[in-house]
Amino acid sequence: MSQRTFIDEQRRNRRSSILLAVIISLFLLGLVTIITFFFVAPDAVIYVLPFSLVIIIIYTWSMYQYGDRLVLSSTKARPAEGDEFTYLNNVVEGLSIAAGVPPPKVYVIDNSDINAFAAGKDPQHASITVTTGALKTLSREELEGVVGHEMSHVRNHDVQFMTYIVAIVGIVSILSHIILLWAELSVMSGGGRRRGRNGGGGSIIFLVVGLILAIFAPLAVALIEFAISRRREFLADAGGAELTRYPEGLASALEKIMKTNQGGMKVDAAVSPLFISDPNKIGLSNLFATHPPLAERIKRLRQM
Amino acid sequence: MDVLTILGIGVVGVIVLILVGLYFSYYNRIRRYENQISEAWSQIDVQLKKRYDLVPNLVETVKGYAAHEKEIFEQVAAARTGMIQGTPQQRMDSSNMLTSGLRQLFAVAEAYPDLKANENFKLLQEQLQGIEDKIAYARQFYNTSVLTFNNLITTIPGAWFAGGRSKHEFLNIPEGERQVPKVQF
């Protein structure tokens with residue numbers, strides 16, 4: 001049994017979410033300010049800053065509110081209604097009782113791969129989706145292990161957390177692209193309109209720093225996102241095992257995934273961290289992987 | 001006022017703030033965990049009531065094919081009534097007795113192919129099995145909540161803020177109830 005309870009873990013996640021969102025937003029604003037200052041004109045900062053702040057807030061808020069509907073429609077998930085899904089619905093409801101959260105809505109995706117994901121801004125508005133491949137191929141204990149893992153994500157507010165991060169990484173990416181494009185254009189047009197800050201080695205250095213920031217910022221933030229995503233997956237594995245009291249169920253399901261998944265789900269990379277196993281089967285077991293290597297996850301589960 | 005006095009007051013102020021913060025934190029956590037135990041019990045209660053409502057239907061369906069199994073029907077009826085009254089542990093004991101009675105009923109159904117094929121019977125069986133799983137999960141959550149609460153009020157500094165509260169009891173399964181029933185034909 002863990003020293004820290006689920007409740008403490010949840011609140012810690014929530015606090016981390018807010019803190020991280022604030023930090024990354026500030027970083028973003030800093031990025032925008034510095035680059036506007038040096039690439040456009042110092043006085044332009046006054047206009048660009050509030051404008052980008054508004055965009056960031058709107059974007060983050062929409063991802064938070066509607067992110068789950070986006071994912072559900074983009075993957076063509078349908079509600080798991082009818083007698084054929086009675087067992088699945090019972091498992092989801094049972095595990096939600098064990099987790100102390102309201103029962104999430106249940107959806108299915110028609111696909112032969114074995115996969116599942118959790119979505120929704122908080123446990124009161126959560127949904128869990130499972131592929132028909134998972135329902136056909138997995139045994140009862142294995143399915144319970146998978147649903148337990150997803151339920152753990154819901155309980156830990158992981159979805160909220162990851163949505164923030166994914167949204168912000170997306171913005172950093174877009175902004176950096178825009179800024180680099182602008183820089184490229186202004187260099188090509190012969191050094192443009194740098195009024196009042198001409199010449200001198202000093203401003204060249206700042207320019208270079210700004211450029212490096214623009215190039216590496218999306219990379220740095222993305223690496224942080226992947227690292228966090230991997231840690232959350234391990235946490236969800238452990239949490240799921242604690243809910244079902246049977247880590248072998250999930251371990252054995254992950255083994256089946258390792259053998260059968262073709263990577264044919266064609267899911268947007270931005271939402272792939274929400275799935276139990278990388279749906280695009282990029283197969284990278286390194287810094288860029290959203291999920292830890294399956295072999296490592298199986299090993300840890302069997303050691304519990 | 002000189003610097004030292006101001007500093008002294010500042011330090012005392014910080015210590016007071018920390019103590020107050022600690023008090024709020026533990027006060028809230030104790031109450032939150034207590035609330036969670038009640039919430040966990042109400043989950044079990046909901047499942048017990050669902051079961052209470054479904055069982056008569058099942059008994060009637062089985063009676064239509066195997067009316068002579070009086071002992072089992074009586075056990076099930078007694079357990080069913082016991083499920084909605086008494087202390088939590090008593091109600092859980094009745095619930096376990098009902099589980100054992102239902103298992104015997106389903107075992108009996110093996111000898112009556114017509115009963116086994118009856119749609120109503122199959123539906124009720126699936127529903128009752130689902131409820132049993134949920135009761136197991138709900139009991140797990142209840143016991144986890146009790147453990148969390150007990151841990152908080154028995155360790156320091158939680159124990160200082162416990163205000164005379166005592167540990168809650170876990171919900172146990174009595175040893176006898178764990179046996180698989182043997183059915184004689």
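Colleague: Which residues point one way from β4(A), and which the other way?

Modeller: In this predicted model, A:S127, A:T129 and A:T131 point one way, while A:I128 and A:V130 point the other way. Every one of these residues is buried.

Colleague: How do you know which strands pair with β4(A)?

Modeller: Pairing takes at least two bridges found by DSSP. Strand β2 of chain A (residues 105-109) has 5 bridges to β4(A) and runs parallel to it, with A:V106 opposite A:I128. Strand β3 of chain A (residues 116-119) has 4 bridges to β4(A), in the antiparallel sense; there A:A119 is the bridge partner of A:S127. Both counts meet the cut-off, so both are pairs.

Colleague: Now helix α9 of chain A. Why are its buried residues said to be on the same side?

Modeller: The buried ones are A:R297, A:I298 and A:L301, in a helix spanning residues 294-302. They cover an arc of only 100° around the axis, which puts them on the same side of α9(A). On the other side, A:A295 and A:K299 are exposed.

Colleague: Which residues have the most contacts inside the largest nonpolar core?

Modeller: A:L95 and A:V146, in a core of 94 residues. Helix α5 of chain B (residues 119-154) supplies the largest share of this core, 13 residues.

Colleague: What is A:L95 in contact with, leaving aside neighbours within four places in sequence?

Modeller: A:V147, A:G148, A:M151, A:L243 and B:Y137. Each counts because its C-beta atom lies within 7 Å of that of A:L95.

Colleague: And how many residues are in contact between chains A and B?

Modeller: 9 residues of chain A are in contact with 11 residues of chain B. The chain A side has 3 nonpolar, 5 polar and 1 charged residues.

Colleague: What is the make-up of chain A in helices and strands?

Modeller: 9 helices and 4 strands, running α-α-β-α-β-β-β-α-α-α-α-α-α from the N terminus. Of the 304 residues of chain A, 40% count as buried. Among contacts in chain A with a separation of 6 or more, 72% are between residues 24 or more positions apart.

How values were computed. Residues numbered from 1 in each chain as written. Chains lettered and ligands numbered in written order. Predicted model: local features only at pLDDT ≥ 70, side-chain atom pairs only at ≥ 80, totals over all residues. Contact = placed C-beta atoms within 7 Å. Nonpolar A, V, L, I, M, F, W, Y, C, P; charged D, E, K, R; others polar. Buried ≥ 20, exposed ≤ 12 C-beta atoms within 10 Å, placed from the backbone. Helix = DSSP H or I, 4+ residues; strand = E, 2+ residues; numbered from the N terminus. Arc of directions from axis to C-beta. Core = buried A, V, L, I, M, F, W, Y, C linked by C-beta atoms within 7 Å.
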